[in-house]
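Here's a quick tour for anyone opening this one for the first time. Keep the sequence and the 3D view side by side and follow along.

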Amino acid sequence: MGEVRKLQKKLRQIENLEIKASLTTEERVKVSKKAELRARLAELLLQHFGPQQTQSIVGDESGKMKRQVPEVPPVPAPAPKMPRAASPVPKPKPKTQAEAEAETGQGKGESEEDPDSQDHSASTETSQQQQKESEFSSLKASWEATKFRLRTLEGHSDIITCVVAVDNLVISGSRDTTVKVWHVPTATEQRNLGGHTGGVTCLCAPPPEYCRRMARFLDLSEKERFILSGASDCCVRIWVLSTGQCVKSIYTFNAVTALCFAPEGHGYIITGSDAGKVQAWSWQSMENCQSVNAHGEAVTALQSQGPLVFSGSADGSLCVWEVRPSHRTPLERLQEWGASVTGCGGAHLALSPRGDRVFLACGRASVRVLDWRTGTVSRMTNHSSTAGVTDCINQMSGLLIGSCFDLATGGSTLNLFTLPQCRYLVSILSPETPRILCFAAWRTASGDHRWVTGGRGLTVWEQLPSKSKQKGDVAVRRDSRLDGSLVESEEDSEEEVDGESDDYSEEDSMPQDAADVEGVASSSWLRCVLQ
């Protein structure tokens with residue numbers, strides 16, 4: 001397995017190198033060996049695990065492979081073990097004879113529980129379990145009959161780093177310094193928003209209520225929508241969606257790597273920088289309200305959930321903030337967890353919060369599920385082997401959607417899980433789709449799913465009516481090895497830890513490769529985009 005892990009690391013390095021705007025001679029030599037390394041990795045996986053390791057997706061139910069893990073019941077997973085740093089639980093005091101008798105039902109005046117009541121409770125619980133299982137089976141069958149049609153939106157001349165959806169419009173940002181507005185039903189470019197002098201790294205669409213406030217201030221129609229964009233030129237720009245006009249530019253003094261909107265009070269723009277700084281800006285005055293050196297490396301993710309803001313960094317750390325509109329400094333840090341708890345680090349960290357849980361994607365084959373209040377972590381399998389790379393995680397309408405790129409085959413997959421149970425539903429495989437670096441999802445007026453993915457290309461995934469069929473449509477499949485995917489995790493598995501390690505001997509790798517480029521293995525793809 002040592003060579004497998006080394007090959008996986010080299011392929012991760014190459015994938016990040018291919019995102020860079022320009023390569024050195026040594027880097028070009030390394031990239032040229034991708035096909036050779038990929039073929040060798042596929043060969044080794046076949047030797048170690050058999051045909052099932054490379055046959056990622058299975059078809060109908062009758063053709064499923066035998067499960068390698070037991071099925072998880074359709075109820076939320078039990079709380080995983082506490083981190084090692086947690087305080088020890090005090091030993092219970094010895095029970096008195098009276099307390100022992102009370103527990104065993106032998107104390108005076110104690111009557112035994114009615115057996116009929118126990119039977120009724122067990123029967124009710126069984127009935128509820130059966131109902132949940134029936135609902136899950138019905139949902140799974142519905143998704144297995146679903147098809148998607150993929151359309152490519154062409155116009156950007158470089159890597160697409162971020163996407164956001166507003167009604168029937170998709171807004172994309174690219175390293176080519178532009179923000180583009182697309183009309184999805186016709187797959188046409190509506191507007192090209194030029195103004196940034198550096199690569200665009202993040203986008204955000206403020207809620208309609210706050211757009212109306214801004215529109216009234218600017219004497220525009222109250223139906224107007226705005227888009228925020230951040231870039232490596234240290235600027236946040238505010239655009240009028242209908243006209244493409246830039247109405248405000250905020251200079252932040254640092255390359256902007258993440259962005260979100262906090263809908264509290266008069267509203268705040270929250271930005272993250274390449275140096276780990278988190279800043280709050282007033283939506284009303286556009287002035288800086290607070291700057292905090294929150295992380296040791298670049299802030300790669302910012303998400304708001306009610307009065308809370310979650311920030312994630314390439315150093316694997318996660319911070320939870322409460323927005324306090326009545327305070328001079330609106331951000332109060334409630335919790336902070338480092339890489340030793342999250343199990344992330346050395347990669348682009350994406351996140352998606354839901355209640356007390358935060359789903360973390362950090363370039364591994366699994367998704368981390370962190371209880372941000374207690375620090376307990378579970379791992380949710382998002383690929384059938386350690387050759388998978390998870391870059392994006394998103395949720396909508398009771399669904400959790402994770403992207404997965406296969407280092408051995410070069411194919412991209414979107415995996416769907418139920419919420420809140422985190423049970424695996426189906427996978428949507430598109431071998432022609434390049435590595436997915438950004439993702440947005442929404443529902444059409446008819447209730448169908450419509451998604452957009454970005455990376456080396458911009459692709460719209462549109463759910464089709466049940467009877468619609470055309471050559472090239474993407475069918476939904478199931479990978480039975482992802483069943484029972486949520487597992488307790490106090491630490492990373494050996495394979496994942498070793499697979500991400502920066503320490504290995506070049507002479508042990510096969511075939512011999514060019515010298516490693518410093519920092520590539522441990523840097524996120526966003527850092528490569530900024531270069």
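Let's start with helix 1, residues 2–17: at 1.5 Å a residue, its 16 residues should span 22 Å, and the C-alpha atoms at its ends sit 23 Å apart, which agrees. That expected span is 1.5 Å times one less than the number of residues. Helices here are DSSP runs of H or I with at least four residues, strands are runs of E with at least two, and both are numbered from the N terminus. Helix 1 is largely enclosed by the rest of the structure, because 15 of its 16 residues are buried. Buried means under 20% relative accessible area, exposed means over 50%, and partly exposed is in between, using a 1.4 Å probe and protein chains only.

**What you're looking at**

- This is a predicted model, where local features need pLDDT of at least 70, side-chain atom pairs count only at pLDDT 80 or more, and totals for chains, interfaces and linings use all residues.
- Residues are numbered from 1 along each chain as its sequence is written, and side-chain values use heavy atoms, with hydrogens and water left out.

**The whole protein**

- The protein has 531 residues, and 51% of them count as buried.
- Take the contacts between residues at least 6 apart in sequence: 55% of them join residues at least 24 apart. A contact here means heavy atoms within 4.5 Å.
- The accessible surface comes to about 24,200 Å², with 47% of it belonging to carbon and sulfur atoms. Those areas come from the Shrake-Rupley method with a 1.4 Å probe, and for residues only the protein chains shown count as cover.

- Two strands pair if DSSP finds at least two bridges between them. Strand 10 and strand 11 (residues 268–273) are antiparallel and joined by 6 bridges.
- Strand 10 (residues 256–262) has 7 of its 7 residues buried, so it is largely enclosed by the rest of the structure.
- The hairpin of strand 10 and strand 11 has 5 residues between the strands, and Gly-265 there takes a positive phi near 60°.

- Most residues other than glycine have a negative phi, and most peptide bonds are trans.
- Asp-167 has a positive phi near 55° without being a glycine. You'll find Asp-167 in the loop between strand 2 (160–166) and strand 3 (169–174), and it counts as exposed because its relative accessible area is 59%.
- Met-286 isn't a glycine either, and its phi is positive at about 65°. Met-286 lies in the loop between strand 12 (277–282) and strand 13, and it is buried, with a relative accessible area of 10%.
- Leu-419 and Pro-420 are joined by a cis peptide bond with omega about 10°. Look for Pro-420 in the loop between strand 25 (412–418) and strand 26 (424–430).

**Cysteines**

- How many disulfides are there? The count comes to 0, where a disulfide is a pair of cysteine sulfur atoms within 2.5 Å.
- Cys-392 is in no disulfide, and the nearest cysteine sulfur, on Cys-438, is 6.4 Å away.
- Cys-392 is buried at 8% relative accessible area, and Cys-362 counts as buried at 2% relative accessibility.

**Apart in sequence, together in space**

- Arg-149 belongs to strand 1 (residues 147–152) and is partly exposed, with a relative accessible area of 23%. Arg-149 and Asp-473 are 324 residues apart along the chain, while their C-alpha atoms are separated by 4.8 Å.
- Thr-186 is in the loop between strand 4 (179–183) and strand 5 (188–193), and is partly exposed at 47% relative accessibility. Thr-186 is 18 residues from Asn-168 in sequence and 9.8 Å from it in space, C-alpha to C-alpha.
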